[in-house]
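Okay, everyone, thanks for coming.

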Amino acid sequence: MDEHPNGTLLRDLFESFGAGDVDAMETAFDDDLTWHAPGTNRFSGQFRGRAAAMQRLAQMREAGISTRFDVHDVVANDQHAIALAHIHLEVADGRRYDQPQVAVAHVRDGRIVEFWTMNQDQAVLDLLIGR
């Protein structure tokens, strides 16, 4: 059975994160994207618009934070895609966070219009990234 196109969209987004492919990430997001980044760290919050979300990601890279994902499964329908993933995040001094994550994307017309992530231990991630 073929994967739903919204599932492929989300799976490709995770691959582009790992590859640092900014153009591919940008293409996946709608201009009116709302990104919900959980936690209390300096990169947490609600980011409205593709430009704001891309700026957040650029600031994370500039801070020396690298992220890659192992996607275990993606479930999708005509409006949503949900990924079960394992996040591998490393900060500039080499400390790491390796934990499960769930990502939810609301998709319209082949683009992600809203995006949420839920991390297994957000408090640890917040301490690692800092305020």
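Predicted model: local features only at pLDDT ≥ 70, side-chain atom pairs only at ≥ 80, totals over all residues.

Let's start with the aromatics. How many aromatic pairs are there? The count comes to six. Take phenylalanine 29 and tryptophan 35: their ring centres are 5.6 Å apart and their planes sit at 70 degrees, so we call that pair edge-to-face. That label needs an angle over 60 degrees. Phenylalanine 29 has a relative accessibility of 0%, so it counts as buried. Tryptophan 35 is at 4%, so that one is buried too.

Now, tryptophan 35 has another partner, phenylalanine 115, and this pair is edge-to-face as well, with 4.7 Å from centre to centre and 65 degrees between the planes. Where do these two sit along the chain? Tryptophan 35 is in strand E1, residues 29–37, while phenylalanine 115 is in strand E6, residues 111–119. They're 80 residues apart, so to speak, and the pair links distant parts of the chain. Both partners, tryptophan 35 and phenylalanine 115, are buried.

If you zoom out a bit, you get one aromatic cluster, made by Phe14, Phe17, Phe29, Trp35, Phe69 and Phe115.

While we're on strand E6, have a look at threonine 117, which lies in that strand. Is it buried or exposed? Its relative accessibility is 11%, and since buried means under 20%, threonine 117 counts as buried. Leaving out residues up to four places away in sequence, threonine 117 touches His36, Pro38, Gln101, Val102 and Ala103.

Next, over to helix H1, residues 5–19, where we find serine 16. This serine is buried, with a relative accessible area of 5%. What does its side chain have by it? A polar atom of the serine 16 side chain lies 2.7 Å from the backbone oxygen of leucine 13. Setting aside neighbours within four places in sequence, serine 16 is also in contact with Asp21, Ala24 and Met25.

Last stop, the surface. Val75, Ile82 and Leu84 make a nonpolar patch of about 240 Å² there. One of them, valine 75, is placed in strand E3, residues 66–76. Valine 75 has a relative accessible area of 51%, and the cut-off for exposed is over 50%, so valine 75 counts as exposed.

That's my tour, so please jump in with anything you'd like to see again.

Conventions: Residues numbered from 1 in each chain as written. Heavy atoms only, no water. Patch = residues over 30% accessible without salt bridge, like charges linked within 9 Å, V, L, I, M, F, W, Y side chains within 5 Å. Areas by Shrake-Rupley, 256 points an atom, 1.4 Å probe, with all protein chains shown as cover. Salt bridge = Lys/Arg side-chain N within 4 Å of Asp/Glu carboxyl O. Helix = DSSP H or I, 4+ residues; strand = E, 2+ residues; numbered from the N terminus. Buried < 20%, exposed > 50% of the residue type's maximum accessible area, 1.4 Å probe, protein only. Polar contact = N/O pair within 3.5 Å; in protein donor to acceptor, adjacent residues only side chain to side chain. Contact = heavy atoms within 4.5 Å. Phe/Tyr/Trp six-rings, centres within 6.5 Å; stacked < 30°, edge-to-face > 60°.
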